Amino acid sequence: MIQNIKKILTPIDFSADSMEAMRGAMELAKDLGAEEVHLMHVIAPQQSFIPSTIEQNRELAREGAMLEQVEEELARIKKDELGDSKKVFTFAVVGPPVQKLIEYAIAQEIDLIMVATHGRSGGEHILIGSVTEKLVRNAPCSVLVFRPRKR
């Protein structure tokens, strides 16, 4: 079935679904004997074009503050929920989510991306777009879509 999986990447947006996917990735890593699990959060830029320097500086400051908060939360999750495992690596970055996830997967030679789906459909799916769908189409490795059970 699944063979030679040594590195698993799990995108985290801190939703209940992505946290369940993270736990699932940890279980899968244990079952497969994977060497590493990477938790990654991508902060999407607020705007792609900001006209004034003042607004650009505000956006950079906002992104910097968000990045710091995300890194602290990832460190807390690693410590409190994952026993500060040496197999777990965390990373946070600002940019287009799908592009940054793919770049990271290539750079880290990820074998499997395990991503949660929120199960949106119809108009909501069209308006929001689907990171999961774009990852499935463009990832350099296999993508396992984790769909949490209904609560």
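Five strands form an open sheet in the order S3-S2-S1-S4-S5, with parallel pairing. The model is predicted: local features need pLDDT of at least 70 and side-chain atom pairs count only at pLDDT 80 or more, while totals for chains, interfaces and linings use all residues. Residues are numbered from 1 along each chain as its sequence is written, and side-chain values use heavy atoms, with hydrogens and water left out.

**Overall make-up**

- The protein has 5 helices and 5 strands, and along the sequence they follow the pattern β-α-β-α-β-α-β-α-α-β. Helices (H or I, at least four residues) and strands (E, at least two) are DSSP runs, numbered from the N terminus.
- Of the 151 residues, 38% count as buried. Buried means under 20% relative accessible area, exposed means over 50%, and partly exposed is in between (1.4 Å probe, protein chains only).
- The accessible surface comes to about 9,300 Å², and 51% of that belongs to carbon and sulfur atoms. Accessible areas come from the Shrake-Rupley method with a 1.4 Å probe; for residues, only the protein chains shown count as cover.
- Among contacts between residues at least 6 apart in sequence, 76% join residues at least 24 apart. Contact means heavy atoms within 4.5 Å.

- The edge strands are S3 and S5 (142-146), each of which pairs on one side only. Two strands pair if DSSP finds at least two bridges between them.
- On average, neighbouring strands of this sheet are turned by 25° against each other, direction ignored. Axes are lines fitted to C-alpha atoms, for helices over the stretch in contact, and angles run from 0 to 180 degrees between N-to-C directions.
- Strand S1 (residues 7-11) pairs with strand S2 (residues 36-43) in the parallel sense over 5 bridges. Ile8 stands opposite Val37 in S2, and Leu9 stands opposite His38 in S2.
- S2 is largely enclosed by the rest of the structure, because 8 of its 8 residues are buried.
- In a regular strand the side chains alternate between the two faces of the sheet. In S2, both faces are covered: Glu36, His38, Met40 and Val42 are buried on one side, and Val37, Leu39, His41 and Ile43 are buried on the other.

**Helices against the sheet**

- Helix H2 (residues 53-80) lies across S2 and S3 and runs at about 165° to S3.
- H3 packs on the sheet, where it touches S1, S2, S3 and strand S4 (112-116). The direction of H3 makes about 150° with that of S2.
- Lys100 is found in helix H3 and is partly exposed, with a relative accessible area of 21%.
- Leaving aside neighbours within four places in sequence, Lys100 is in contact with Met40, Val42, Val93, Val94 and Gly95. Lys100 and Val42 are 58 residues apart in sequence, and their C-alpha atoms are 7.2 Å apart in space.

**The aromatic pair**

- A search of the whole structure finds 1 aromatic pair. Phe91 and Tyr104 form this stacked pair, at 5.1 Å centre to centre with 20° between the planes.
- The pair links distant parts of the chain: Phe91 is in strand S3 (residues 88-94) and Tyr104 is in helix H3 (residues 97-107), 13 residues apart.
- Rings of Phe, Tyr and Trp (its six-membered ring) pair if their centres lie within 6.5 Å; planes under 30 degrees apart count as stacked, over 60 as edge-to-face and the rest as tilted.
- Phe91 is partly exposed at 33% relative accessible area, whereas Tyr104 counts as buried at 10%.

**Loop residues**

- Thr117 is in the loop between S4 and helix H4 (122-128), and at 17% relative accessibility Thr117 counts as buried.
- Not counting residues up to four places away in sequence, Thr117 touches Asp17, Thr132, Val145, Phe146, Arg147 and Pro148.
- Lys86 is in the loop between H2 and S3, and at 77% relative accessibility Lys86 counts as exposed.
- The C-alpha atoms of Lys86 and Glu35 are separated by 9.5 Å, and the two residues are 51 residues apart along the chain.

**Confidence**

- The mean pLDDT of the protein is 86, and 86% of its residues reach 70 or more. pLDDT is the predictor's confidence in each residue, from 0 to 100.
- Over residues 122-128 the pLDDT is below 50, and beyond near neighbours in sequence this stretch has 5 contacts in the model.
- Where pLDDT is low, the predicted coordinates should not be read in detail.
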